Amino acid sequence: MSAPFQLTPQATGDLDSIWWFIAEESREAAQRVETEILATCRRLAAHPRIGSKRRDITMLPVRFWTVTKFPNYVIVYRPETVPLTVVAILHGKRDLKEVLEQRS
């Protein structure tokens, strides 16, 4: 049984944007990336403390995890919530600090 997690509306929007961006070139690739991101969210829910705190980015009680198979993407989540709450799914080249400041 997989551990529960939930995506905030912003994280859902992030995932949709990622899917559509990749799907412009390949729907199959978009599906692979989305599937791996969601699988990673399930792993994070089962082991919420494995991510890194990034005080250089935010003082919010969140952790960061790079998607192993697709390292361009970073999952930002709240490890103390049940179910685990994913607050952002972002391309690593984005200004994570700015995005999180806008969302808090």
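Predicted model: local features only at pLDDT ≥ 70, side-chain atom pairs only at ≥ 80, totals over all residues.
Helix H1 passes helix H2 in a right-handed crossing.

**How the two helices pack**

- Two packed helices are described by the angle between their axes and the distance between the axes.
- Here, H1 covers residues 9–23 and H2 covers residues 27–46; their axes come within 7 Å and cross at roughly 150 degrees.
- Because angles over 145 degrees count as roughly antiparallel, H1 is roughly antiparallel to H2.
- On the H1 side, the residues that meet H2 are Leu15, Ile18, Trp19, Trp20, Ile22 and Ala23.
- Their partners in H2 are Arg27, Ala29, Ala30, Gln31, Val33, Glu34, Ile37 and Leu38.
- Sorted by class, this contact of H1 with H2 has 11 nonpolar residues, 1 polar residue and 2 charged residues.

**The tryptophan pair**

- A pair of aromatic rings is described by the distance of the centres and the angle of the planes.
- Searching the whole structure turns up 1 aromatic pair.
- That pair is formed by tryptophan 19 and tryptophan 20, with 4.8 Å centre to centre and 80 degrees between the planes, an edge-to-face arrangement.
- Tryptophan 19 has a relative accessible area of 15%, so this residue is buried, the cut-off being under 20%.
- Tryptophan 20 has 52% relative accessibility and therefore counts as exposed, for which the value must be over 50%.
- Tryptophan 20 belongs to helix H1 and is also among the H1 residues that meet H2.
- Between the C-alpha atoms of tryptophan 20 and leucine 7 there are 18 Å, with the two residues 13 apart along the chain.

**A cis peptide bond**

- Most peptide bonds are trans.
- The bond from valine 82 to proline 83, however, is cis, and its omega is near 0 degrees.
- You can find proline 83 in the loop that runs between strand S3 (73–78) and strand S4 (84–91).

- Valine 74 sits in strand S3.
- With 8% relative accessibility, valine 74 counts as buried.
- If neighbours within four places in sequence are left aside, valine 74 is in contact with Phe64, Trp65, Thr66, Ala88, Ile89, Leu90 and Gly92.
- Threonine 58 is 16 residues from valine 74 along the chain, and the C-alpha atoms of the two are separated by 14 Å.

Conventions: Residues numbered from 1 in each chain as written. Heavy atoms only, no water. Axes fitted to C-alpha atoms, helices over the stretch in contact; angles between N-to-C directions. Helix = DSSP H or I, 4+ residues; strand = E, 2+ residues; numbered from the N terminus. Parallel < 35°, antiparallel > 145°, perpendicular 65-115°, else oblique. Left-handed = near helix turned anticlockwise from the far one by under 90°. Contact = heavy atoms within 4.5 Å. Nonpolar A, V, L, I, M, F, W, Y, C, P; charged D, E, K, R; others polar. Phe/Tyr/Trp six-rings, centres within 6.5 Å; stacked < 30°, edge-to-face > 60°. Buried < 20%, exposed > 50% of the residue type's maximum accessible area, 1.4 Å probe, protein only.
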